[in-house]
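Let's take a walk through this model, going from the overall fold to a few local details. Keep the structure open while you read.

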Amino acid sequence: MGNVIKKMVVGIVLGGILFGATNALGFPFVFQALFFGYAMLGAIVFMILDFPTLKPFGGVKAVGALLVFYAILSVVYIAGASMWPQYDPEDEKGKIEKILKPKREHYEAGKVEVLLQRAKALDEKAKELTARLQALGAAQAPADQKAGGEAAPTATTAASGGDIAKLGEEQWQLQECYNCHKLNGEGGKKRGPELDNIGNLLPAAEIARKILDPKSYKAEGFEQEYEKGKMPDKYKDLMEPKDVEALAVWLAGYKNASVNTPKPIKMK
Amino acid sequence: MMNQGQIVTNHGRQLAGRAALLAGCAALVAWAGMPDVAFAQEAAPQAPTAYRDIPYIGSRNLVWIIAQLHLLLAGFVLGVPIFAWLCEIVGWKSGDKRYDKLAKEFTKLLTSSYATTALFGGILLFLLIGFYPKLMAYLTDIFFPSFLVYCGLFLVETATLYLYWYGWDAMAEGSGKKFHIFLGFLLNVFAFFIMIVPNSWATFQSSPVVISEGSDFARAWAATWNPTWWPVNIHRLIANVVLGGYICGAYAGIRYLSAKSQEERYHYDWMGYVGNFIGVFGLLPLPFAGYWLMREIYQYNQQMGITLMGGFLSWLFILQAMLIGVLFLGSNYYFWLGITHRIPGSETQYRKPIMAMLIILLLCLGVWMTPHSLVASLEEAQKMGGTHHPLLGVFGVMSAKMTVSNLMVLVTFMSFIMYWRAGKQDTAGWAKAAKALMGGVLGLAAIAVIVLGVWGYFVPAIIRINYFSTSQVGIVIFVMLTITPLTALLLKSAKTTTEMVWGRMPPRAGYALVLNAVMVILLMTLMGYARSSSRVHWHIYGVMRDSSQYAFSPALGYAAALMALNTFLFCMLVAFIFWVATMGDKAKAAAGTKGSVEPGAIPAMAGGSPALDGPEADASEEKRPV
């Protein structure tokens, strides 16, 4: 038992030293507590190695001892997790609310007919946009490819500023395009091409077309990714036409020729 | 005219519709007495219902509890056949009947636990269809072909389980035994597929692959083979072995604590040892499987990886590090207690190496639980000069964590080797050279792991992840594959100086076994929360948003309370299953037909004594102070 007490004292002293040292080094309080707890955990393991053998319990006492043991573990676990710095779920709720508010309003209204009408109108709009994009794509894409992407489409260059650009950037963040595409030196580039020079290679209308139909273009060097369908075919369902347009216009403003954005090859 | 795909889809929808009807009936029956239950569809009867809720507890909490219990039970049901099958093989190969008896004892639990797992699976399905009809309709559309495969697997698994359990005595000898072991193999193969099919549904939610072209089967296959499917399959398979082992250990621990006779103490002490051994055996490769999973998550979606490791869930991994640390400490502690108490005269002999290993484990744990960036107030951050502490920040990165996790695995492995060798004296002429070689391999491995870890700070992440971290894992595996057979060869000709005596462990050994099992269950519940929260407000990441009132992720403290509740409920369920399954044995024992524990040969996995392991020897040992 003397050994146990000795180790307990050593543990407390060591914990105190760690607490004081972390305080002096400017650690946040939670870390000071964490260091103290860590020293105590070590001391407890050392102590129980020498702890005298307890008398075994039987029957109800054994069950009771186990329940008390579990209760202690649970309290330590819950208390530990609760004392950790917590993220505030309200932050996430705020973000969700921002995204979902307009959609909820439609659903909560519960007006099926209105929703159906709106869906019809959206569908027609989408068809119209696709037709427009196809017409534009047929006229501009070959010209761009012929010029090796050097000639910038004048119709889209001016659109890099203003509300539409802001909305485009928001969509980039919201749809998390950066997971697959690198832009401004940030994001991944393993599954999708780097896009800093996309404005010199594709006009906005064709970028929008690629977003709505990922099979419409293939990036040079990304044949496998294209075949595997790495770019999700979901944005036509997830995004409003104006959002697609804004994102495409915003991307078309990127014309950094020093970045080797792969050449897009028209497939459809 | 409809094509095959449309027919299958429509059939799926019809089935989902019928299932929803059944769910509705079940819900009505179950909640008939609850006047406050109100469904969202009442407000808008014509609109398609996306969500339903239940008062007080909330739909998410209820699904959380039921899903967690189902998953834990499933882990148990899939882990136990692996555990039982391994024990059966060891018993067959070594001729030690205790292993066969242990395997049979645990297989007996399977029949009742299998039914309980299926029951919770059914409840979960009804709740999901009831609470999340839109999501379930979407998943049914994509995965309907795999639903059929799943049903087929259940049929063959059930038939194999019946044959395996009821044929145990009929196929006890000769070629019958071989066929029985083959049945055990089949049982595990089917169980593995039963595990990986629903894994595809869950992993699809985190890393979906959606293709709009091709047949229904092609769509289902593409969705199934998503980037995190195999890492999760492997991780869960290993985790199930760990769960099965530690649950066996906990059961033995409880029985040991309440044992009335020396014979019982002898048996349950030995069973606890086997359970802990299999738990540790699975625990050693688990960090590597976890690392692979996280690597795939990062490759699939950097943002999701950041959310988990550097975002709002990063503190969850500090909690995980503490749980794993306690699990490593608990497992090693049990080995050390075994050396101290089961091998007379070794109380002081192994003290120094035990202390050294304990210090290394604690230091490693300290590094593992250091977060990458500290959550600090503006004032605190200014004081530190940023969110990365100048002194501690260096321990927060993956390079440091991989290094210490490898070192902890090495220490635990050496704990086991030390336990294995305890009480033995080498007699082989090449023993000295072999020991020098093992010491050299271990020392060099530890140095190489540390050097690679430190070097990892100075190379690009891609080199560190693809070459350095994998080399560290390779080194540790090399150590295990070199030292294990060398030790086995050495011990083959070794002389036993001190016999191992079962049934002498102090009661705290039983508590250590219970602690290990609780830690594993808590870890599994914690990782369930991590997997679900990493999707943030998406049902299917990037495809279908969660627009319910429960779309936000709960805070860690709140989640910890639910995890503790789920762990408690699961323990109660397992205790009930054990109680029900052993009821017949107790009745037999009371009627005087109680079978005696076989005083067997040397346990295959560690030192034992055919002479002293028996109850007769224990009677003389009872006089020794313990």
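## Ground rules

Helices, labelled H or I and at least four residues long, and strands, labelled E and at least two long, are DSSP runs numbered from the N terminus. Bear in mind that this is a predicted model.

## Chain A at a glance

Chain A is built from 11 helices and 2 strands. Reading from the N terminus, the order is α-α-α-α-α-α-α-α-β-α-α-α-β.

Chain A has 268 residues, and 28% of them count as buried. What about its contacts? Taking those between residues at least 6 apart in sequence, 76% link residues at least 24 apart.

## The annotated spans

An unreviewed UniProt entry puts the annotation "transmembrane region" on residues 34–51 and 63–84 of chain A. How do those two spans look in the model?

Residues 34–51 of chain A are 94% helix and 0% strand, with 25 Å between the end C-alpha atoms. For residues 63–84 of chain A, the figures are 95% helix and 0% strand, and the end C-alpha atoms sit 32 Å apart.

## A helix crossing in chain B

Two packed helices are described by the angle between their axes and the distance between the axes. Over in chain B, helix α2 (residues 59–94) and helix α7 (residues 229–257) have axes that come within 7 Å and cross at roughly 80°. Angles of 65 to 115 degrees count as roughly perpendicular, so α2(B) is roughly perpendicular to α7(B).

Which residues make the contact? On the α2(B) side they include B:Gly75, B:Phe76, B:Gly79 and B:Phe83. The α7(B) side brings in, among them, B:Ala239, B:Gly244, B:Gly245 and B:Cys248. Sorted by class, the contact of α2(B) with α7(B) has 10 nonpolar and 5 polar residues, and no charged ones.

## Two residues with positive phi

A:Asn184 isn't a glycine, yet its phi is positive, at about 55°. You'll find A:Asn184 in the loop between α7 (162–174) and α8 (204–212) of chain A. Is A:Asn184 buried or exposed? A:Asn184 has 11 within 10 Å, so it is exposed.

Chain B has a case of its own: B:Tyr56, a residue other than glycine, has a positive phi near 70°. B:Tyr56 is placed in the loop between α1 (4–30) and α2 of chain B. B:Tyr56 counts as exposed because it has 9 C-beta neighbours inside 10 Å.

Conventions:
Residues numbered from 1 in each chain as written. Chains lettered and ligands numbered in written order. Predicted model: local features only at pLDDT ≥ 70, side-chain atom pairs only at ≥ 80, totals over all residues. Buried ≥ 20, exposed ≤ 12 C-beta atoms within 10 Å, placed from the backbone. Contact = placed C-beta atoms within 7 Å. UniProt positions renumbered as here; feature names shortened; annotations may be inferred. Axes fitted to C-alpha atoms, helices over the stretch in contact; angles between N-to-C directions. Parallel < 35°, antiparallel > 145°, perpendicular 65-115°, else oblique. Nonpolar A, V, L, I, M, F, W, Y, C, P; charged D, E, K, R; others polar.
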